[in-house]
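Happy to go through this one with you. Let's take the labels one at a time and see what stands behind each.

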Amino acid sequence: MDNVAHIPSYLSAEHLGPWETYLVQIDRVEPHLAPALRPLAPLLTRPKRALIVDVPIRLDNGEIAHFEGYRVQHNLSRGPGKGGIRYHPDVTLSEVMALSAWMTVKNAVVNVPFGGAKGGVRVDPKTLSTAELERLTRRYASEINILIGQDKDIPAPDINTNEQVMAWIMDTFSMNEGKTAMGVVTGKPVGLGGSLGRKDATGRGVFVTTAEAARHIGLEIAGARVAVQGFGNVGEAAARLFADAGAKVVALQDATGTIHNPAGLDVRATKAWSLAHRALAGAPGSEPMADADFWGVDADILIAAAMENQITAANAGRIRARLITEGANGPTTPEADLILQDKGVTVVPDVLANAGGVTVSYFEWVQDISAFFWTEEEINARLDRIMREAFAAVWDAARARGIPPRTAAFVLGCERVLLAHRLRGLYP
């Protein structure tokens, strides 16, 4: 596939950003697609819709500030759009496009009936008061109102957004509709139709898929040394579950720094420290470590649960882990992927590993629509089953075809999307 021919005019060919990573992944997958579906592959290289909005708000001091917002729907062949909203000063259209495309593939890999979408606002939420953040959220929700809805596009939390942000979006949409619309977003507070088990769902999916991969390569979780990059919702939950299973979490890294203890860190104590001090440094039983040295830490398992483009050609050669699981979206560059393959490192790709969040979001959406809610035990059991079945399908495809798990996951997901498109046909 000639990727240059698939670069939209609104992106710079010289600076494609995360969208380039996605295009390379599709390029590597195309030869492995079923021959009947291969001619449809270019459909995956263009988002269906991309909305750019101005988000003006009045600050607490009376001044008016403007922020740039996005909502991208990559593909809706298998159902309404589904994907999070992130607030970050470095959000770009390229990034949101790539994230929406990975959501398309991810939803198909775990076979939930959603297409891929994503949203974001270029803002550092730490610079806003709670009142300013609410005004930003409500104005952004009003601007993307033309795209979202429980049968059109269902946002969820992502980086720097949470259940409170989702509650504001739900309320804003509901006020505009003149009725309560619980199903318009997921990741809401339980008191507003949120699902039990949603907070830990992504981290739980990371743990389940890692445990399955470890079993296949003969690595015991109990006693395994685990390094986790990212100590937010995903990384913290994954680290906690690994520790509960008897693993040693030997290193943690987030935006504030890196800590290390070869004997194992106390994950719960570290979380409490981090919440109190807004930093990892100084956590009980830890020693500081240079951020760059995190990649060379002596560990069996590495969890990349921060942001995209973290494992690169510059640091992939230093990684000593046998198994890497991608809790974040797009944390490994295509160049680093090839280095890890040459080293014999098993990588559980993001479109499989971090799908636990969207899976429980699917459960939440179903519960909201039916107005019937499940127990946390039921939700976790269903999540574990779906994640294990999806992992088995990817692992078996990788071994049968002699391709890496990432390529196998993309083949399975892309073929499901393209088959849906072929069955629906081209309108008009």
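Q: In which loop is Arg278 found?

A: This is a predicted model, and in it Arg278 sits in the loop between α7 (267–277) and β9 (287–289).

Q: Why is Arg278 called exposed?

A: The label exposed asks for over 50% relative accessible area. Arg278 has 74% relative accessibility, so it counts as exposed.

Q: What is the phi of Arg278?

A: Phi is about 55 degrees, a positive value although Arg278 is not a glycine.

Q: Which residue other than glycine has a positive phi near 65 degrees, and where is its place?

A: That is Asn111, with phi near 65 degrees. Asn111 belongs to the loop between α2 (93–109) and β4 (115–121).

Q: What makes Asn111 partly exposed?

A: Buried means under 20% and exposed means over 50%, with partly exposed in between. Asn111 has a relative accessible area of 47%, so the label partly exposed applies.

Q: Why does Gln164 count as partly exposed?

A: The relative accessible area of Gln164 is 38%, and therefore it falls in the partly exposed class. Its place is in helix α4 (residues 163–177).

Q: How far apart are Gln164 and Glu134 in sequence and in space?

A: In sequence, 30 residues separate Gln164 and Glu134, while in space they are 9.0 Å apart, C-alpha to C-alpha.

Q: How do you know whether Glu236 is buried or exposed?

A: The cut-off for buried is under 20% relative accessible area. Glu236 has 10% relative accessibility, so it counts as buried. This residue lies in helix α6 (residues 233–244).

Q: Which residues does Glu236 touch, not counting those up to four places away in sequence?

A: Glu236 touches Gly230, Phe231, Val267 and Lys271.

Q: What makes the peptide bond from Tyr427 to Pro428 cis?

A: Omega of the bond from Tyr427 to Pro428 is near 0 degrees, and the bond is cis. Pro428 itself is in the segment after α12.

Q: Why does the radius of gyration of the protein chain agree with that of a compact globule?

A: A compact globule with 428 residues would have a radius of gyration near 22 Å; the protein chain has 21 Å, so the two agree. The C-alpha atoms fill a box of roughly 55 × 55 × 45 Å along the principal axes.

Q: What percentage of the 428 residues counts as buried, and how many helices and strands are there?

A: Of the 428 residues, 58% count as buried. The protein chain has 12 helices and 12 strands.

Q: What share of the contacts with a separation of 6 or more comes from residues 24 or more positions apart?

A: Such residues account for 69% of those contacts in the protein chain.

Q: What is the volume of the second largest pocket, and which residues lie nearest its centre?

A: The volume of the second largest pocket is about 370 Å³. Its lining has 13 residues, and Lys48, Asn75, Leu76, Ser77 and His421 lie nearest the centre.

Q: Which elements each supply at least two residues of that lining, and how do the lining residues divide?

A: β2 (64–75) and α12 (405–424) each supply at least two. The lining of the second largest pocket divides into five nonpolar, five polar and three charged residues.

Note on methods
Residues numbered from 1 in each chain as written. Predicted model: local features only at pLDDT ≥ 70, side-chain atom pairs only at ≥ 80, totals over all residues. Heavy atoms only, no water. 1 Å grid on protein atoms, 1.4 Å probe; cavity = no way out; pocket = protein on both sides within 12 Å on 5 of 7 lines; lining within 4 Å. Points joined across faces, edges and corners; volume = space filled by probe spheres on them. Helix = DSSP H or I, 4+ residues; strand = E, 2+ residues; numbered from the N terminus. Nonpolar A, V, L, I, M, F, W, Y, C, P; charged D, E, K, R; others polar. Rg over C-alpha atoms; globule rule 2.2 N^0.38 Å. Buried < 20%, exposed > 50% of the residue type's maximum accessible area, 1.4 Å probe, protein only. Contact = heavy atoms within 4.5 Å.
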